[in-house]
Amino acid sequence: PLIDGFVNTVRMVPGTDKIGAIGFCWGGRYAILQAHGPDLATPGAIGGVDVAFAAHPSLVAVPDDFDPVSRPLSLAFGTKDSLLDETTRGKIIDLMASKKDLVHEIRLYEDQVHGFALRSDWSSEKDKKAMDDATRQGIEWMEKYLRSGKE
């Protein structure tokens, strides 16, 4: 309710056309939840963002957190994430692939552990590149779907 209230308040700011959410770790789950779009079952509710990006999300429920996604969603997963194992990643990838009308992307970052997009090993060129690439992924996704008017 706190995040929904914040999103609803931001939507009321004059000149606000679209809202994006970016989340990392447990914040990634909340970005995904906001990508469900508006809560049409609640009269007067606005809720939901227009586009979302989540890097190494944790504490996600599959399929419950992903079935209702209705807004463009970009996901960045590390292949060695201890909080998002290969089986769970596979279920998410399959579920999102079944959403033929939903714009989405999933990028796998080889040998990257949980938290790689924020706190990688700066002494490792491979880890630093993965962190930079995930940052670029989120920025480019937001630019594409917030600036262009695409949905």
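**Exercise 1.** Find what share of the residues in the protein chain is buried.

*Solution.* Keep in mind that this is a predicted model. A residue counts as buried when its relative accessible area is under 20%. Of the 151 residues in the protein chain, 41% are buried.

**Exercise 2.** Work out why the radius of gyration of the protein chain agrees with that of a compact globule.

*Solution.* Start with the expectation: for 151 residues, a compact globule would come out near 15 Å. Now check the chain: its radius of gyration is 15 Å, so the two agree. For the outline, the C-alpha atoms fill a box of roughly 50 × 30 × 30 Å along the principal axes.

**Exercise 3.** List the elements of the protein chain in order, then trace the path from S3 to S4.

*Solution.* Step one: count five helices and four strands. Step two: from the N terminus, read them off as α-β-α-β-β-α-β-α-α. Step three: S3 (residues 73-78) pairs with S4 (residues 104-109) in the parallel sense, over six bridges. Between them the chain passes through helix H3 (residues 86-97), giving a right-handed β-α-β crossover. Zoom in on the pair and you'll find Ala 76 opposite Arg 107 in S4.

**Exercise 4.** Decide whether Ile 3 is buried, partly exposed or exposed.

*Solution.* First, locate Ile 3: it sits in helix H1 (residues 2-11). Next, use the cut-offs: under 20% is buried, over 50% is exposed, and partly exposed lies in between. Ile 3 has 36% relative accessibility, so it counts as partly exposed.

Conventions: Residues are numbered from 1 along each chain as its sequence is written. This is a predicted model: local features need pLDDT of at least 70, side-chain atom pairs count only at pLDDT 80 or more; totals for chains, interfaces and linings use all residues. Side-chain values use heavy atoms; hydrogens and water are left out. Helices (H or I, at least four residues) and strands (E, at least two) are DSSP runs, numbered from the N terminus. Buried means under 20% relative accessible area, exposed over 50%, partly exposed in between (1.4 Å probe, protein chains only). Two strands pair if DSSP finds at least two bridges between them. A crossover is right-handed if, with the strands pointing away from the viewer, the path from the first strand over the helix to the second runs clockwise. The radius of gyration is taken over C-alpha atoms; the globule rule is 2.2 Å times the number of residues to the power 0.38.
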